[in-house]
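Subject: Structure handover

Hello,

Here is the structure for you to look over. Please open it beside this email and read along.

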Amino acid sequence: MTVLTSIANAGLAISYAISSSITDGLDIECVEDPEDANNVLCDFDNLWILVIIVNLTTLIPLFLIKTIPNEKELEAINEKLQKSSNEVAMSDGEVQDEGDDIGNNNYGHYEPEKDEMIGVYW
């Protein structure tokens, strides 16, 4: 859970840095009026560009949708994970049935080869 939280926090920090640099690059700012301390001068001339950039960046996940594995690929991942967990369990002292052919009787750690994995996950 803490790894997920750390990733989320890092993502937020990166997001804040990118958005502030874009806002600064477009010269969108509010400053205190030098003549009146109770007044603020704002320059929103390029705000419309920022709104367009923000709305277009929400479409980025649509380009990544092809990387989501389909049902067949998920089943392949499931089989690899089950094979790995069965071998780890057997190396911890479980007895293997005669009919089991897990890892060619190699009871150590199982790690799939790169050609067995889905491209995104290796």
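Below is what was found, starting with the chain as a whole.

This is a predicted model: local features need pLDDT of at least 70, side-chain atom pairs count only at pLDDT 80 or more, and totals for chains, interfaces and linings use all residues. Residues are numbered from 1 along each chain as its sequence is written, and side-chain values use heavy atoms, with hydrogens and water left out.

**Overall layout**

The chain has four helices and two strands. From the N terminus, their order is α-β-β-α-α-α. Helices (H or I, at least four residues) and strands (E, at least two) are DSSP runs, numbered from the N terminus.

The chain has 122 residues, and 11% of them count as buried. Buried means under 20% relative accessible area, exposed means over 50%, and partly exposed is in between (1.4 Å probe, protein chains only). Accessible areas come from the Shrake-Rupley method with a 1.4 Å probe; for residues, only the protein chains shown count as cover.

Take the contacts between residues at least 6 apart in sequence: 27% of them join residues at least 24 apart. A contact means heavy atoms within 4.5 Å.

Helix α1 covers residues 2-25, which is 24 residues. From first C-alpha to last it reaches 34 Å, close to the 34 Å expected at 1.5 Å a residue. The expected span is 1.5 Å times one less than the number of residues.

Aspartate 27 follows α1 and sits in the loop between α1 and β1. Its phi is positive, near 60 degrees, in a residue other than glycine. Most residues other than glycine have a negative phi. Aspartate 27 is partly exposed, at 48% relative accessible area.

**The disulfide**

The whole structure holds one disulfide, defined as a pair of cysteine sulfur atoms within 2.5 Å. Cysteine 30 is joined to cysteine 42, S to S 2.1 Å. The link is right-handed, with 115 degrees about the S-S bond. Cysteine 30 is in strand β1 (residues 29-32) and cysteine 42 is in strand β2 (residues 40-43), so the bond ties together parts 12 residues apart in sequence. Cysteine 30 is partly exposed at 42%, and cysteine 42 is partly exposed at 41%.

**The nonpolar patch**

Trp48, Ile52, Leu56, Leu59, Ile60, Leu62, Phe63 and Leu64 make a nonpolar surface patch. Together they have about 880 Å² of accessible area. Helices α2 (47-57) and α3 (60-63) each give two or more residues to the patch. Isoleucine 52 is in α2 and is partly exposed, at 41% relative accessible area.

Patch residues have over 30% relative accessible area and no salt bridge; like charges are joined within 9 Å, nonpolar side chains (Val, Leu, Ile, Met, Phe, Trp, Tyr) within 5 Å. A salt bridge is a side-chain nitrogen of Lys or Arg within 4 Å of a carboxyl oxygen of Asp or Glu.

Best wishes
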